[in-house]
Amino acid sequence: MHSTLIRKYKEIFSKEPQFFVSSSGRVNLIGEHVDYHDGIVLPCAISLKNNFVGGPSEDYEAIGINISNRSEFRADIKGLNIYEKGSSSSYLYGVCRSVIDAGHFIKGINFVVDGDLPIGSGLSSSASFCCGLIELLSQIYKLNLGKMEIAKIARMAENNYVGVPCGIMDQMAIAFGKEKKLVKIDCRDLSVNYCSMPNNISIVIVNTMLKRQLAKSEYENRQRECSLLLSILRRYYPYIKSLRDVNSNMLNTIKNEVDEIIFKRGKYVLDEIQRVEAVFEMMNSNNIKDIGKIFYEGHIGLRDEYEVSCDELDFIVEETYKFEGAIAARMTGAGFGGCAVTLIRNGFEENFSNYIRSRYMSAFKRDCDVYIIGQPVDGLISIRL
Ligand code: GLA
């Protein structure tokens with residue numbers, strides 16, 4: 001992988017690259033749709049990743065080539081933002097501009113990128129791209145950016161330039177991702193705590209292979225619904241800043257004043273934050289006998305209260321719980337397609353993969369994809385070439 005990237009870089013740019021950076025995807029184990037409510041989340045970095053090699057360009061032009069599909073990214077980082085939101089060049093432009101907005105001096109960059117992280121599947125391919133590119137810029141221009149700054153700049157790139165109103169979970173999961181560790185992130189004070197996953201279980205991800213049509217619009221709708229809820233709660237509790245500051249007694253006070261749907265959204269968020277604390281404790285004490293129940297409750301909350309699941313995800317979760325070596329399953333990421341995360345006892349991974357593929361095929365007459373991940377990995381790695 002490494003040597004192919006270097007060879008391609010030399011072919012395309014006629015010089016030697018200076019750095020190699022690998023940037024993982026992430027999977028969230030629990031704490032879904034709570035990062036933008038200042039909640040707590042428990043993701044980790046995974047072995048599916050983007051790999052880059054790169055070096056400086058002489059001028060202010062940034063050029064990148066994705067060697068797996070030969071697509072090109074190109075951005076004039078001194079120019080005005082004329083890139084179509086969401087286009088691949090808007091990511092490149094957004095990253096470079098956000099590094100500059102954060103007060104750092106950079107010129108252009110040349111890079112080639114490749115990897116095995118599926119795009120648009122809820123495993124944070126875009127956050128992985130942004131974090132990796134920021135780390136590459138940091139190495140090339142000796143910016144010495146720390147993990148927190150990388151995560152914040154990557155989020156700014158997506159929020160301000162790509163037009164995605166995401167929270168901070170994905171970027172922090174990647175920047176702080178550590179081998180064999182789950183990363184508990186408190187999205188209010190941005191503190192990070194690690195816990196281990198028992199080493200006799202593996203993370204296995206099942207990809208519905210569905211295009212997530214509704215993900216962006218419904219994501220924004222959930223944010224709107226919850227800010228409406230907050231504004232009503234503030235009439236009674238003016239000091240609250242986010243749903244993180246609300247408890248179930250407070251929520252019940254306004255039950256009769258709000259639409260049932262809005263109430264459900266709030267209830268889901270409060271319960272989900274509790275579930276994250278519970279799973280973190282279980283992982284820490286190596287006592288995971290109830291973890292399947294908690295993951296399942298989380299999934300049902302996402303299906304019935306936050307309403308971001310879909311038939312394919314529900315099916316995968318239900319079928320997983322029928323499999324002998326399965327411990328837990330739920331949808332992961334923004335939802336409306338994308339992936340389910342499962343925890344499978346060591347030794348059962350291949351059988352589970354065959355089982356769920358054939359169940360999915362008989363139900364939907366389409367293939368799903370299965371990634372046997374095992375344990376978490378380091379999120380960002382850079383090497384001077
Ligand atoms: C997307 C966003 C994250 C988070 C999840 C849902 O991945 O980028 O910030 O909100 O959805 O948990």
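**Exercise 1. With which residue does glutamate 307 form a salt bridge in which the closest N and O atoms are 2.9 Å apart?** Then place both partners in the chain and work out the network around them.

*Solution.* Keep in mind that this is a predicted model.

- Step 1: The partner is arginine 265, with 2.9 Å between the closest N and O atoms.
- Step 2: Now locate the two ends. Arginine 265 sits in helix α8, while glutamate 307 is in the loop between α9 and α10, so the pair links distant parts of the chain, 42 residues apart.
- Step 3: Check the burial of each. Arginine 265 has a relative accessible area of 4%, and because buried means under 20%, it counts as buried. Glutamate 307, at 32%, is partly exposed.
- Step 4: Look for a further partner of glutamate 307. Lysine 264 also forms a salt bridge with glutamate 307, here with the closest N and O atoms 3.6 Å apart. Lysine 264 belongs to helix α8, so this pair ties together parts that are 43 residues apart in sequence. With 23% relative accessibility, lysine 264 is partly exposed.
- Step 5: Through salt bridges with shared partners, Glu218, Arg222, Glu225, Lys264, Arg265 and Glu307 are joined into one network. The whole structure holds 25 salt bridges.

**Exercise 2. Examine the salt bridge between lysine 216 and glutamate 220.** How many residues apart are they, and in which helix do they lie?

*Solution.* 

- Step 1: The closest N and O atoms of this pair are 3.2 Å apart.
- Step 2: Both residues lie in helix α6 (residues 215-236), four residues apart, which is about one turn of the helix.
- Step 3: Lysine 216 is partly exposed at 43% relative accessibility, and glutamate 220 is partly exposed at 26%.

**Exercise 3. Describe how α8 packs with α9, and how α2 packs with α3.**

*Solution.* 

- Step 1: Helices α8 (residues 260-284) and α9 (residues 291-305) pack at about 160°, their axes 10 Å apart. Angles over 145 degrees count as roughly antiparallel, so α8 is roughly antiparallel to α9. Their crossing is left-handed.
- Step 2: For α2 (residues 88-101) and α3 (residues 125-140), the angle is about 45°, again with axes 10 Å apart. These two helices are therefore oblique to each other, and their crossing is right-handed.

Key
Residues numbered from 1 in each chain as written. Predicted model: local features only at pLDDT ≥ 70, side-chain atom pairs only at ≥ 80, totals over all residues. Heavy atoms only, no water. Axes fitted to C-alpha atoms, helices over the stretch in contact; angles between N-to-C directions. Parallel < 35°, antiparallel > 145°, perpendicular 65-115°, else oblique. Left-handed = near helix turned anticlockwise from the far one by under 90°. Salt bridge = Lys/Arg side-chain N within 4 Å of Asp/Glu carboxyl O. Buried < 20%, exposed > 50% of the residue type's maximum accessible area, 1.4 Å probe, protein only.
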